[in-house]
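The following note sets out points for a colleague to check against the coordinates. Please read each one alongside the model.

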Amino acid sequence: MIYFDSLASYPMLPEVREDLQLTMQSHYANPSASHMLGEQGKELIEDTREVLAESLGAFASEIIFTSGATETNNLIIKGVILPLLLKGKKPHLITSAVEHKCILSISNYLELLGCEVTYLNPNSKGEIKPAQVKSALKENTSLVSLMHVNNELGTINPISEIGSICTEARIPLHTDAAQSYLKIQTDVDELNVDFMSISAHKIGGPKGVGAAYIRDLKDLDISPLVHGAGQEFGVRGGTLPTPLIAAFGTAIGAFRNYYTLERNIELKEKLLTGLKRLGVRYRVNGGAETLPSCISLTLASSNIEGLLRGSHQSLALSQGSACSAGSIEPSHVLTSLHFNREEASKTLRISFSHINTAEDIQALVNEIAKYTES
Ligand SMILES: *Cc1c(COP(=O)(O)O)cnc(C)c1O
């Protein structure tokens, strides 16, 4: 099986696997316990909190561990909006039509509860422009939530500029950085963001763990999503999974040794030259500057559905995002870019990782060519 789906989940790094095994064996104690075993677990958790904070240019006191980016997105958006609804206010949320499905589900839910939501439409690359955000701001806008890197196209949003606009208007900005963290610059001050969502399994860490960055957490009125026994500054209840968090820290430390710009660019170029050489027509979606490890292609003269069926046991590929795979509806991201059904069905998302070789790329090119009319 050749894996081209690192945007759905990045292959677990070898040192993460090793670390998970060790900590699963030795760190069975509850990290909130006051005995020595508890303290040792807590120490590992606090180490990861420090490493994560440092990588974002944040303070450790601004990091909350969660089960992943889906939960973090829920925690932040509901955590900001629900207290306002409870106070009888009519908050306004600005987001976009090309966010991860979970952000759209959260927004739809909050609309039912009386929140006003604006869904900004992207340009043809899938990008949201700062001017759009500026003109959507209203008196009652309480939060802007826009993803950093799109998980189907690899498009990078100008979050830093959008952040300046939000700062000026004194409106907090949240960015879902599940796809960008450690792959491109995600310093919270450079990006001008107040909230950020991160997932460990998108950087070679384990599934089931992630984090929220919350600027000046202690001064904020964030309502918890999971009410508990005071863990995570009272914002997220539940016993912390010591092994998952320790392994998350290991992934943060090691990821950059595996993920390099040069290598990703090389793989992408090999793919495109290979397709050209075999006369396969393609269009690259998402504009010129996308996440290096990902490429969205529309192959007008190829039978992509046939390819996906035929290579089911040999290639791990994705048509849209993994979360909506298996649905017969075209992806909401491609629909927002005005792709018709035909174009959407001929679109492939290919994402790379350190385990991919030049031979893997050649195998993919040959397979695509097999399903292409000349
Ligand atoms: C993968 C992903 C998520 C979901 O993260 P989980 O940790 O799997 O819950 C959210 N947003 C984006 C942009 C993603 O790519």
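1. A polar atom in the side chain of T167 lies 2.7 Å from the backbone oxygen of G163. A polar contact here is a pair of N or O atoms within 3.5 Å; within protein, one must be able to donate a hydrogen and the other to accept it, and residues adjacent in sequence count only if both atoms are side-chain atoms. T167 belongs to helix 6 (residues 159-168), where helices are DSSP runs of H or I with at least four residues, numbered from the N terminus. Between T167 and Y258 there are 91 residues of sequence separation and a C-alpha to C-alpha distance of 35 Å.

2. On provenance, the model is predicted: local features need pLDDT of at least 70 and side-chain atom pairs count only at pLDDT 80 or more, while totals for chains, interfaces and linings use all residues. Residues are numbered from 1 along each chain as its sequence is written, and side-chain values use heavy atoms, with hydrogens and water left out.

3. Helix 1 (residues 14-26) and helix 7 (residues 242-258) pack at about 160°, their axes 8 Å apart; axes are lines fitted to C-alpha atoms, for helices over the stretch in contact, and angles run from 0 to 180 degrees between N-to-C directions. That angle makes helix 1 roughly antiparallel to helix 7, a term for angles over 145 degrees.

4. G41, L44, I45, T48, V51, L52 and S55 of helix 2 meet T242, I245, A246, F248, G249 and I252 of helix 7. This contact has eight nonpolar, five polar and no charged residues.

5. For helix 8 (residues 261-277) and helix 12 (residues 358-370), the axes come within 9 Å and cross at roughly 30°. L267, K270, L271, G274 and L275 of helix 8 meet A358, I361, L364, V365 and I368 of helix 12. By class, the residues are eight nonpolar, one polar and one charged.

6. Which residues surround the ligand? They are G68, A69, T70, H100, M147, N151, D176, A178, Q179, S199, H201 and K202, each with a heavy atom within 4 Å of the ligand. The side chain of T70 places an N or O atom 2.6 Å from a ligand oxygen. For Q179, a polar side-chain atom is 2.7 Å from an oxygen atom of the ligand, and the side chain of K202 has an N or O atom 2.7 Å from a ligand oxygen.

Key: Helix = DSSP H or I, 4+ residues; strand = E, 2+ residues; numbered from the N terminus. Parallel < 35°, antiparallel > 145°, perpendicular 65-115°, else oblique. Contact = heavy atoms within 4.5 Å. Nonpolar A, V, L, I, M, F, W, Y, C, P; charged D, E, K, R; others polar.
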